[in-house]
Amino acid sequence: MADEVRDPRSSWTFLTQHARVLLMISQDADVRVRDLAAATEMTERAVQAVLGDLEKAGYVTRARVGRRNHYRITRGTHFRHPAEARHEIAGLLTFFAAMNADADTHAYGEAGEGNDDRTEP
């Protein structure tokens with residue numbers, strides 16, 4: 001129903017926009033701002049601000065290659081919040097890369113299979 005008002009607390013997510021942009025860059029170093037914006041449901045201007053934050057904090061470097069930007073994630077950088085600061089962001093990137101690879105090779109929930117691979121070791 002279009003007239004329903006969404007509860008603002010129901011729209012929160014675990015990952016920040018910064019994490020989403022960083023994860024997308026880890027998957028495609030030549031990703032365009034337009035594609036980042038579409039995938040993260042942000043404006044291009046907001047994506048540019050996030051990229052600026054990530055660059056300024058040393059998580060990402062940007063180099064111009066022809067008419068496109070090429071991004072490089074600075075390995076060895078740590079999370080910013082004190083609760084996670086002892087952990088490198090590489091673990092998060094590796095985790096999501098493995099999840100994406102797993103999703104590409106496994107088909108969960110296909111009709112009639114009744115397979116749930118999530119319980120296997």
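**Exercise 1.** Is Trp12 buried or exposed?

*Solution.* The model is predicted. A residue counts as exposed when its relative accessible area is over 50%. Trp12 has a relative accessible area of 56%. Trp12 is therefore exposed, because its value passes the cut-off of 50%.

**Exercise 2.** Classify the geometry of the aromatic pairs, and state how accessible their residues are.

*Solution.* Start with the count: there are two aromatic pairs in the structure. In one of them, the ring centres of Trp12 and Phe14 are 4.9 Å apart, and the planes stand at 75 degrees. Planes over 60 degrees apart count as edge-to-face, so the pair of Trp12 and Phe14 is edge-to-face. Phe14 is exposed, with a relative accessible area of 76%.

Next take Phe95 and Phe96, whose rings lie 5.3 Å centre to centre with 90 degrees between the planes. This pair is edge-to-face. Phe95 is partly exposed at 47% relative accessibility, whereas Phe96 is buried at 19%.

**Exercise 3.** Which residues of helix α2 are buried, and how are they arranged around the helix axis?

*Solution.* Helix α2 covers residues 33-40, and its buried residues are Val33, Leu36, Ala37 and Thr40. Viewed down the axis of α2, these residues fall within an arc of 100 degrees, so they line one face of the helix. The face turned away from this buried side carries the exposed residues Arg34 and Ala38.

Then find the partners: the buried residues of α2 pack against α1 (17-27), α3 (44-56) and β2 (68-73).

**Exercise 4.** Which residue just after α2 takes a positive phi?

*Solution.* Look just past the end of α2: Glu41 has a positive phi of about 60 degrees.

Key: Residues numbered from 1 in each chain as written. Predicted model: local features only at pLDDT ≥ 70, side-chain atom pairs only at ≥ 80, totals over all residues. Heavy atoms only, no water. Buried < 20%, exposed > 50% of the residue type's maximum accessible area, 1.4 Å probe, protein only. Helix = DSSP H or I, 4+ residues; strand = E, 2+ residues; numbered from the N terminus. Arc of directions from axis to C-beta. Contact = heavy atoms within 4.5 Å. Phe/Tyr/Trp six-rings, centres within 6.5 Å; stacked < 30°, edge-to-face > 60°.
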